[in-house]
Amino acid sequence: MKKILLLSVAILTAMTLVFASCDKSDDVDASKVPQVVLDAFKAKYNATLVQWEKENGGLYKAEFRDEKGREVEAYFKKDGDWVKTETDLYLTDLPENIKSVVDTNWPDWAIDDVDFIELPDYNFYLIELEKLNSRDLHIRITPDGTILE
């Protein structure tokens, strides 16, 4: 019995280490984030409680909540250039014209999750749709209602 318990603990420990090492990013103290990145962040956002991570590929990710309490992730290059922002929207935040596009094109599907993605050149809503006995769909729609391929 003792051997089984020890083996179980060893397996759980090994699994924890494996899953922890699969994380694509590492938490970074704000003091370790380049000042140019911090300055770019402060110029773009008015957030005080920010958690920083360094992503594979060298991007710095700032995680915070906006004034409505929504989760926001902003990505910056090490030189301070802003790359993108992802805001996890409440379903009530989705504009009526976007709801209409979804209802018209996917009438039997339900909206499961909505993110608003801001890029330097354009913005779009990333919408996850679900339907019983079907794989989830991920669709992208611009603010004017254009469906992106």
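Predicted model: local features only at pLDDT ≥ 70, side-chain atom pairs only at ≥ 80, totals over all residues.
Start with the overall layout. The protein has three helices and nine strands. Along the sequence they run α-β-α-β-β-β-β-α-β-β-β-β. Of its 149 residues, 30% are buried. The accessible surface is about 10,200 Å², and carbon and sulfur atoms account for 54% of that. Take the contacts between residues at least 6 apart in sequence: 38% of them join residues at least 24 apart.

Now turn to helix H2, residues 35-44. Its buried residues are Val-37, Leu-38, Ala-40 and Phe-41. Viewed down the helix axis, they fall within an arc of 165 degrees, so they line one face of H2. Their cover includes three strands: S2 (51-55), S3 (60-65) and S4 (71-76). The face turned away from the buried side carries Lys-42 and Ala-43, both exposed.

Phe-41 leads on to the aromatic rings. Its relative accessible area is 4%; the cut-off for buried is under 20%, so Phe-41 is buried. Tyr-45, at 16%, falls under that cut-off and therefore also counts as buried. The protein holds seven aromatic pairs. In one of them, the ring centres of Phe-41 and Tyr-45 lie 5.3 Å apart, with planes at 35 degrees. Stacked needs under 30 degrees and edge-to-face over 60, so this pair is tilted. Ring pairs also build a cluster: Phe-41, Tyr-45, Trp-52, Phe-64 and Phe-76.

Lys-44 lies over the face of Trp-82, 4.1 Å from the ring centre. The charged end of Arg-140 is placed over the ring of Phe-124, at 5.3 Å from its centre.

Note on methods:
Residues numbered from 1 in each chain as written. Heavy atoms only, no water. Buried < 20%, exposed > 50% of the residue type's maximum accessible area, 1.4 Å probe, protein only. Helix = DSSP H or I, 4+ residues; strand = E, 2+ residues; numbered from the N terminus. Arc of directions from axis to C-beta. Contact = heavy atoms within 4.5 Å. Areas by Shrake-Rupley, 256 points an atom, 1.4 Å probe, with all protein chains shown as cover. Phe/Tyr/Trp six-rings, centres within 6.5 Å; stacked < 30°, edge-to-face > 60°. Lys NZ or Arg CZ within 6 Å of the ring centre and 35° of its normal.
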